[in-house]
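I opened my notebook to look up a few spots in this model. Here is what I wrote down as I went along.

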Amino acid sequence: MYTPEWILERADRIAGDIVNAPDRGPRIQAYRSKNRLTQDELSHIMRLRRESISRIEHGRVTPTIAFIHKFAGVMALMEAVKAYRSQDKSVEYPYFSRIGIELGVPPDSIASIIDLALQSYEQKRKRVIRSLEV
């Protein structure tokens, strides 16, 4: 197994947080927003229509356990990529691909998830630097 324990625990916490939430849709939306994903990006990753993501987030459709598991894996993978990048560690695609597969993330979406996580990290980093320059 390639996945560090803390990443597995993070995925489990995310899934548990969603399952135990009285309103799962807004919780999913909060995680998506925190990782700066659009509904279009998430729908591509999850292989669903954007409208389906919207229905889940607005509570019109209850997410399945399979959806929650895959979603938690995507969020944990994104957080892991950002954590490694914040420590100035190189983000190696083969390593994170193996982690993504172990987390249940669709294999053909892993590269785009890594890219989106790196873009999100760099955008946040630039905003923080700008705020410190003022």
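This is a predicted model: local features need pLDDT of at least 70, side-chain atom pairs count only at pLDDT 80 or more; totals for chains, interfaces and linings use all residues.

Residues are numbered from 1 along each chain as its sequence is written, and side-chain values use heavy atoms, with hydrogens and water left out.

**Entry 1: pairs of charges**

I started with salt bridges, meaning a side-chain nitrogen of Lys or Arg within 4 Å of a carboxyl oxygen of Asp or Glu. Side chains of opposite charge can pair when their charged atoms come close. How many salt bridges does the structure hold? I noted 11 salt bridges.

I looked up Glu9 and Arg13, whose side chains meet in a salt bridge at 3.9 Å, N to O. Both lie in helix 1, 4 residues apart, which is about one turn of the helix. (Helices are DSSP runs of H or I with at least four residues, strands are runs of E with at least two, and both are numbered from the N terminus.) Arg13 is partly exposed because its relative accessible area is 48%. Glu9 is partly exposed too, at 36%.

Next came Arg27, which forms a salt bridge with Asp17, the closest N and O atoms being 2.5 Å apart. Arg27 lies in helix 2 and Asp17 in helix 1, so this pair ties together parts that are 10 residues apart in sequence. I wrote down 29% relative accessibility for Arg27, so Arg27 counts as partly exposed. Asp17 has a relative accessible area of 26%, so Asp17 is partly exposed.

I also found Arg49 and Glu51 meeting in a salt bridge at 3.5 Å, N to O. Glu51 has 31% relative accessibility and therefore counts as partly exposed.

**Entry 2: a network, and Asp88**

Which residues are linked in a network of salt bridges? My list reads Arg85, Asp88, Glu122 and Arg125.

I stayed with Asp88, which sits in the loop between helix 5 (65-86) and helix 6. Asp88 has a positive phi of about 60°, although it is not a glycine. Is Asp88 buried or exposed? Asp88 counts as exposed because its relative accessibility is 65%.

Arg36 is another residue other than glycine with a positive phi, near 55°. I found Arg36 in the loop between helix 2 (24-34) and helix 3 (39-46). Arg36 counts as partly exposed, because its relative accessibility is 43%.

Arg36 also forms a positive surface patch with Lys124, Lys126, Arg127 and Arg130. I had to check the rules for this one. Patches are made of residues with over 30% relative accessible area and no salt bridge, with like charges joined within 9 Å and nonpolar side chains (Val, Leu, Ile, Met, Phe, Trp, Tyr) within 5 Å. Lys and Arg count as positive and Asp and Glu as negative, while His and the chain ends are not counted.

Arg10 is in helix 1 (residues 5-20). Why does Arg10 count as buried? Arg10 counts as buried because its relative accessibility is 18%. Leaving aside neighbours within four places in sequence, I listed Tyr31, Lys34, Ala76 and Glu79 as contacts of Arg10.

Ser109 is in the loop between helix 6 and helix 7 (110-133). Ser109 has 3% relative accessibility, so Ser109 counts as buried.

Ser54 belongs to helix 4 (residues 50-57). Ser54 is buried because its relative accessible area is 11%. Not counting residues up to four places away in sequence, Ser54 touches Gln39 and Arg60. I noted 35 Å between the C-alpha atoms of Ser54 and Asp88, which are 34 residues apart along the chain.

**Entry 3: Glu102**

My last stop was Glu102, in helix 6 (residues 93-102). Which residues does Glu102 touch, not counting residues up to four places away in sequence? I wrote down Met1, Tyr2 and Thr3. The C-alpha atoms of Glu102 and Gly73 are separated by 8.6 Å, and these residues are 29 apart along the chain. Glu102 is partly exposed, because its relative accessible area is 30%.

Terms used. Accessible areas come from the Shrake-Rupley method with a 1.4 Å probe; for residues, only the protein chains shown count as cover. The place of a charge is taken as NZ of Lys, CZ of Arg, CG of Asp or CD of Glu. Buried means under 20% relative accessible area, exposed over 50%, partly exposed in between (1.4 Å probe, protein chains only). Contact means heavy atoms within 4.5 Å.
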